[in-house]
Amino acid sequence: MPSSVEQFAYPNAAQILKDQKITLAGKPEVKTTVTVGRADLTQATGSVQEAVELVPRPDRDVVMVKLAQRVPESVAKPVKVAIKAPAEGEQLQVAGFGRPKTEWVPSKLHTSLFTVASTDPASVALHGSENAVICQGDVGAPAVRGTGDSAELVALNIRSWQGGCLGTDESEKRTSALDARLGNLAAWVSTVAFRDAAAAPAVTVAGDDNGDAVGSGSYSAPKKLTDGWNFTQTTTGDFTGDGKTDLTARTASGDLRLWVGNGNGTFGGATAPGQWHPYRPISALAGA
């Protein structure tokens with residue numbers, strides 16, 4: 001499942017660290033790939049990206065995995081990390097490729113509804129049922145609130161009793177599970193995702209949109225840039241390094257858009273720049 005940051009995925013930390021034999025952040029010791037946007041493993045859909053960096057959370061069974069390339073939204077739309085804590089009795093949808101009751105190695109993504117039993121700052125306990133069990137191979141399975149554009153990533157699976165799963169002792173009837181909670185990790189996610197951006201030099205706003213090098217203190221008539229405007233913040237600057245003033249704008253959901261300046265007061269079409277998503281508030285430094 002894609003994350004709220006398109007170049008990062010959020011697998012379960014324990015299994016990755018066990019496989020890679022590392023305890024600190026860094027490049028995987030063996031080549032590791034992440035498949036995004038493929039609900040049927042027999043097909044060639046989606047995007048397969050190499051994992052280039054692992055960033056474990058010290059106090060949580062979660063690791064951020066940096067991908068070699070940004071996954072386009074046309075392949076898989078990112079899911080926002082839920083800020084609101086899950087409530088007791090709330091139902092969450094859990095998705096995975098783990099072993100169900102009748103198949104050793106399933107090739108298709110399956111989902112089930114689980115009920116929140118309890119929460120604490122680091123974890124979420126889930127009640128399963130006869131038809132909702134997290135089985136072997138489901139470690140790291142995402143627990144999601146809502147569907148479609150309103151979907152939010154609440155937690156990632158840590159362990160389960162696996163009652164009723166193929167290969168589990170028939171006497172085991174428990175179907176409950178324990179997940180690592182993500183909502184209160186938003187600041188950490190942002191810090192990791194925007195490290196490179198934070199280290200980059202400040203953007204200088206040129207202020208000469210049409211390249212005439214003339215400043216009279218007045219402005220020309222406004223030009224229509226796009227139909228509709230659902231952006232909460234805009235700023236200008238030479239973001240492409242071509243000496244021409246560009247425009248960026250940020251949506252309420254954190255999507256960043258860039259209009260490359262033509263040097264004559266007009267701009268090209270909107271594009272989604274950079275590697276990180278969603279973006280924090282944007283700013284620029286006026287003057288040289």
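In the largest nonpolar core, which has 15 residues, the members that touch the most others are Val62, Met64, Leu153, Leu182 and Trp188. A nonpolar core is a set of buried Ala, Val, Leu, Ile, Met, Phe, Trp, Tyr and Cys residues joined through side-chain atoms within 4.5 Å; buried means under 20% relative accessible area, with a 1.4 Å probe and protein chains only. Two or more residues of this core come from each of strand 10 (152–160) and helix 2 (186–193). Helix 2 gives the most, with three residues. A second, separate core holds 14 residues, including Ala82, Ala132, Ala143 and Ala155. In soluble globular proteins, nonpolar side chains tend to be buried together.

The model is predicted: local features need pLDDT of at least 70 and side-chain atom pairs count only at pLDDT 80 or more, while totals for chains, interfaces and linings use all residues. Residues are numbered from 1 along each chain as its sequence is written, and side-chain values use heavy atoms, with hydrogens and water left out.

The chain contains three helices and 17 strands, taken as DSSP runs numbered from the N terminus (helices H or I, at least four residues; strands E, at least two). Of its 288 residues, 40% are buried. Among contacts (heavy atoms within 4.5 Å) with a separation of 6 or more, 59% join residues 24 or more positions apart.

Ala125 lies in strand 8 (residues 123–127). Leaving out residues up to four places away in sequence, Ala125 touches Thr115, Val116, Ala117, Ser118, Ala177 and Leu178.

Terms used: Buried < 20%, exposed > 50% of the residue type's maximum accessible area, 1.4 Å probe, protein only.
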